[in-house]
Amino acid sequence: MLQCNMTISLSIQLGLEDLLADLHYARRHEELGRLALLCYCEVRSWARQAGEPGIAEHSTQIFTQDPCVSKRVFLAKVDLLIAALRELQADYPERAASLAFTHSDQPDCRKLPQTH
């Protein structure tokens with residue numbers, strides 16, 4: 001069961017890395033539509049899976065509380081969200097510790113015996 005939790009934790013950590021990469025790319029190219037999709041849908045989804053309701057709420061508020069009146073304001077709010085995600089990323093344990101076993105060594109969590 002511990003290895004299954006490690007796999008889930010690693011999945012959340014890798015999901016955050018992917019999400020940040022997508023956000024940085026879209027931000028660098030000022031792809032406003034892509035940024036809106038990532039911030040509203042992808043960040044909220046990741047935050048809920050990771051148990052980070054504050055990040056999910058922050059993502060929602062970009063669009064629901066004081067909607068942006070300019071591109072500059074929208075990008076500033078996106079930058080704040082990216083900064084918050086980067087802070088979370090820094091809090092995750094080193095991936096090397098989680099990758100102590102190779103992919104072929106990972107158990108299939110569905111086949112592990114359940115202990116009650």
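Let me begin with the term we need: rings of Phe, Tyr and Trp (for Trp, its six-membered ring) pair if their centres lie within 6.5 Å, and planes under 30 degrees apart count as stacked, over 60 as edge-to-face and the rest as tilted. What we are looking at is a predicted model, in which local features need pLDDT of at least 70 and side-chain atom pairs count only at pLDDT 80 or more, while totals for chains, interfaces and linings use all residues. Residues are numbered from 1 along each chain as its sequence is written, and side-chain values use heavy atoms, with hydrogens and water left out.

Searching the whole structure gives 2 aromatic pairs. In one of them, the ring centres of Tyr-40 and Phe-63 lie 5.4 Å apart with the planes at 85 degrees, so this pair is edge-to-face. It links distant parts of the chain, 23 residues apart, with Tyr-40 in helix α2 (residues 32–50) and Phe-63 in helix α3 (residues 53–64), where helices are DSSP runs of H or I, at least four residues, numbered from the N terminus.

Phe-63 also pairs with Phe-74, in a tilted arrangement with 6.1 Å centre to centre and 55 degrees between the planes; here Phe-74 belongs to helix α4 (residues 71–91) and lies 11 residues from Phe-63. Ring pairs therefore join Tyr-40, Phe-63 and Phe-74 into a cluster.

Terms used
Helix = DSSP H or I, 4+ residues; strand = E, 2+ residues; numbered from the N terminus.
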